[in-house]
Amino acid sequence: MATADSSTERIDTRLFITVSGPPGCGATTLCERLADAMGCPYVSGGDIFRELAEDRDMSLNQLTAKADEDDEIDRALDQRLQQIAEKWGTANKPFILESRLAGWLAGDRADMRIWLDAPKEVRLDRIEDRIETEAEMRVREVSEAGRYESYYEIDIADRSFYDLEINTARWSKQGVFTLVRAAIEEYDPELDEGAFRTPSIDV
């Protein structure tokens, strides 16, 4: 779990926010800045995945390969994230949950769901210093989409229930943060009544 520092001007809010998107979308950068500004912790699905790998004494690549063969890994990850969402959804404190399925897993517990994306060539350029290759990234995205639909009947391409969707290739890191900050500061819970909200999924 990451924690905040005092390097960013504070955002006065108690919102539970989810951030989702594909690799290289800028989710980690945004979550770190939001955590600083909101004075709150955040949990990343990537961190939980690494914990699962350590628990099983496996490398990330080994755990990813096993996840392709057996749904136990994905379901264990999703269950942990959903438990975290349940805890913070009733805490009335600011919190950020980041993972590809964070919005779905949090369900109505989340106050604001954010989806970040960018063209593949932009995302590949951003992750060029990572181990994952272009082919591996494309295979993983297709594989994940298939698993989500198989496990939970989720169409990961469905963005209709997200409150905010941003193409991060069109703004700087500061610009993306400024857009999200404005949305948080203008959030009005009374306007949320009657809005489309997706139910949480069973894991």
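Is F95 buried or exposed? F95 is buried, with a relative accessible area of 0%; buried means under 20% relative accessible area, exposed over 50% and partly exposed in between, using a 1.4 Å probe and protein chains only.

## Basis

This is a predicted model, in which local features need pLDDT of at least 70 and side-chain atom pairs count only at pLDDT 80 or more, while totals for chains, interfaces and linings use all residues. Residues are numbered from 1 along each chain as its sequence is written, and side-chain values use heavy atoms, with hydrogens and water left out.

## Aromatic pairs

Five aromatic pairs are found in a search of the whole structure. Rings of Phe, Tyr and Trp (its six-membered ring) pair if their centres lie within 6.5 Å; planes under 30 degrees apart count as stacked, over 60 as edge-to-face and the rest as tilted.

One of the pairs, F16 with F95, is tilted, at 5.8 Å centre to centre and 55° between the planes. F16 belongs to strand β1 (residues 16-20) and F95 to strand β3 (residues 95-98), so the pair ties together parts that are 79 residues apart in sequence. Helices (H or I, at least four residues) and strands (E, at least two) are DSSP runs, numbered from the N terminus. F16 is buried, with a relative accessible area of 2%.

W104 and F161 pair edge-to-face, 4.4 Å centre to centre with 70° between the planes. W104 is in helix α5 (residues 102-106) and F161 in the loop between α7 (134-152) and β5 (164-167), so this pair ties together parts that are 57 residues apart in sequence. Both W104 and F161 are buried. Ring pairs link W104, W115, F161 and Y162 into a cluster.
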